[in-house]
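Please keep the sequence and the structure open while reading.

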Amino acid sequence: HERTTKMFRSLSLLFCLSACTLGKRESTYDRAVRFYNAESWQLAIDAFTDALAEYETWKDDLVTCYKTCGNEPWTFEETSTENVEAVLKTIAGLVEMSDCTEECLGSGRSGGVASHIVDFESRMPYHYLQMSYYRVGDIARATTAAHTYLEANFDDEVMERNVIFYENAEGYSEDNAVSMEPNHRLSLYMKGANQYNQKNYMECVTLFEAALQAYYHAMEVCRAACQLVPRTGFKRKRSLIGIIGRSLTNLLRCRANCSEKVGYRTRLVDRDGYEGMHYHYLQFCYFQLDSLRDALSAALVYLELKPDDEIMKSNVEYYRSKLPAEENIKPRKEIKLVRQQHGERILIQKETSSTEMEVEMDDKPLGPSSVLSSAERQSSIPKTKRTKDESYYASTHNFTIDYD
């Protein structure tokens, strides 16, 4: 009873904090958008640059708070979904951690970043920046900003056309076709795969271990950010229980999707299986180095992610046959998070199968071109002979978040 009371008290504070943010001072990001709307291009550039710097600092602070607040003291087991007491304990833990995380981060600059998580994660500031740089005549930086946005939203046809326009504009250089936020973990992954292909197995292990470390750091940031999922969009007459259910569903949905959000930002790597392929490469490279224990522990994590993979099942049997029977080799330590995510997906599946939940938020991110009137959009068309592309450059961009 005491734990349940504490959970409801925490939730009340949580929703109060969310509602009270409406009266806070203007954040750096909001100021940047305001400058953009006012066509104060250089001021917008300066403000968006400051906002991005704040976001990087905020992510470091977020992970620190996430760890300070417990970093998953509870565990999900598949049977817990049938155990009411276990589920309530999990819910209480989630609420307490969310409460602790918000209190640790505090208000001010952190609050300004937290209210725009979706925009930062989807690299929306670079969408604003590419147009702002173009308006001040800086084609080089406009190109770089466009590439940075496109890297995380590569199916955005509007931005693809923008890049084509910039590449044919005066002042463009091939050196501008780079990202302002290079994907370090993906770079390590691709380098590791290259070393595997060249049969440099020691380098393969080194690079994939580093890639996994970078990957799980990004996972920490993502899961911690889910503690701050916006709590808007509730129906006015929704009961407290309904609000609790909606909030927790959004949180769990967010966390269950983190492996997809942080793992897939390119056409080069398959969305389905990116996390597991680290372990697939590692188990074989460790095997080639005659490190069978490490190979087996990596293979066991892969099987947790892909339990029907017959090749990996055979590999595990082989490794076990070569090791002493009394040795009980366990999966790598990351298995805890893998199982945690699996449990969260089960809870979400059960929730969505038993009741229809609204997941759309009332507050939607504002795309750059959507703040322009039709006349303004027409006047913003770059003056160039490439008339075929002009309509794309100035067209309204109905922005939809895709964490690719």
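In the contact between helices α7 and α8, Met 124, Tyr 126, His 127, Leu 129, Gln 130, Tyr 133 and Tyr 134 of α7 meet Ile 139, Arg 141, Ala 142, Ala 145, Ala 146, Thr 148 and Tyr 149 of α8. Sorted by class, the contact of α7 with α8 has 10 nonpolar, 3 polar and 1 charged residues. The model is a predicted one, and the values in this report are to be read with that in mind. Helix α7 covers residues 124–135 and helix α8 residues 139–152, and their axes come within 8 Å and cross at roughly 160 degrees. Because angles over 145 degrees count as roughly antiparallel, α7 is roughly antiparallel to α8. The crossing of α7 and α8 is left-handed.

Two further helix pairs can be described in the same terms. Helix α2 and helix α3 pack at an angle of about 160 degrees, with their axes 8 Å apart, and α2 and α3 are therefore roughly antiparallel to each other. In passing α3, helix α2 makes a left-handed crossing. On the α2 side the contact is made by Thr 28, Tyr 29, Ala 32, Val 33, Phe 35 and Tyr 36, and on the α3 side by Trp 41, Leu 43, Ala 44, Ala 47, Phe 48, Asp 50, Ala 51 and Glu 54. The contact of α2 with α3 comprises 11 nonpolar, 1 polar and 2 charged residues.

Helix α11 and helix α14 have axes that come within 9 Å and cross at roughly 150 degrees, and this pair is therefore roughly antiparallel. Here, too, α11 passes α14 in a left-handed crossing. From α11, the residues Tyr 201, Cys 204, Val 205, Phe 208, Glu 209, Ala 211, Leu 212, Tyr 215 and Tyr 216 meet Tyr 274, Glu 275, His 278, Tyr 279, Tyr 281, Leu 282, Phe 284, Cys 285, Tyr 286 and Gln 288 of α14. The residues of the contact of α11 with α14 divide into 15 nonpolar, 2 polar and 2 charged.

The table sets out the axis values for these pairs.

| Helix pair | Axes | Angle |
|---|---|---|
| α2 (residues 28–37) and α3 | 8 Å apart | about 160 degrees |
| α7 (residues 124–135) and α8 (residues 139–152) | within 8 Å | roughly 160 degrees |
| α11 (residues 201–226) and α14 (residues 274–288) | within 9 Å | roughly 150 degrees |

Which residues touch the most other members of the largest nonpolar core? Of the 45 residues in this core, they are Tyr 29, Phe 48, Trp 58 and Leu 129. Helix α3, which spans residues 41–68, gives the most to this core, with 12 residues. Leaving aside residues up to four places away in sequence, Phe 48 touches Tyr 29, Ala 32, Val 33, Tyr 36, Pro 125, Tyr 128 and Leu 129.

Of its 404 residues, 50% count as buried. Among contacts in the chain with a separation of 6 or more, residues 24 or more positions apart account for 77%.

Two residue pairs illustrate positions that are separated in sequence. Tyr 189 has its place in helix α10 and counts as buried, at 7% relative accessibility. Tyr 189 and Met 277 are 88 residues apart in sequence, while their C-alpha atoms are 9.4 Å apart in space. Arg 253 belongs to helix α12, which runs over residues 240–256, and is partly exposed, with a relative accessible area of 24%.

Lys 199, although not a glycine, has a positive phi of about 65 degrees. Lys 199 is found in the loop between α10 and α11, and at 60% relative accessibility it counts as exposed. Asp 290 is likewise not a glycine and has a positive phi of about 60 degrees. Asp 290 is found in the loop between α14 and α15, and is exposed, with a relative accessible area of 63%.

Terms used: Residues are numbered from 1 along each chain as its sequence is written. This is a predicted model: local features need pLDDT of at least 70, side-chain atom pairs count only at pLDDT 80 or more; totals for chains, interfaces and linings use all residues. Side-chain values use heavy atoms; hydrogens and water are left out. A nonpolar core is a set of buried Ala, Val, Leu, Ile, Met, Phe, Trp, Tyr and Cys residues joined through side-chain atoms within 4.5 Å. Buried means under 20% relative accessible area, exposed over 50%, partly exposed in between (1.4 Å probe, protein chains only). Helices (H or I, at least four residues) and strands (E, at least two) are DSSP runs, numbered from the N terminus. Contact means heavy atoms within 4.5 Å. Axes are lines fitted to C-alpha atoms, for helices over the stretch in contact, and angles run from 0 to 180 degrees between N-to-C directions. Angles under 35 degrees count as roughly parallel, over 145 as roughly antiparallel, 65 to 115 as roughly perpendicular and the rest as oblique. A crossing is left-handed if the near helix is turned anticlockwise from the far one by less than a right angle, and right-handed if clockwise. Ala, Val, Leu, Ile, Met, Phe, Trp, Tyr, Cys and Pro count as nonpolar, Asp, Glu, Lys and Arg as charged, and the others, Gly among them, as polar.
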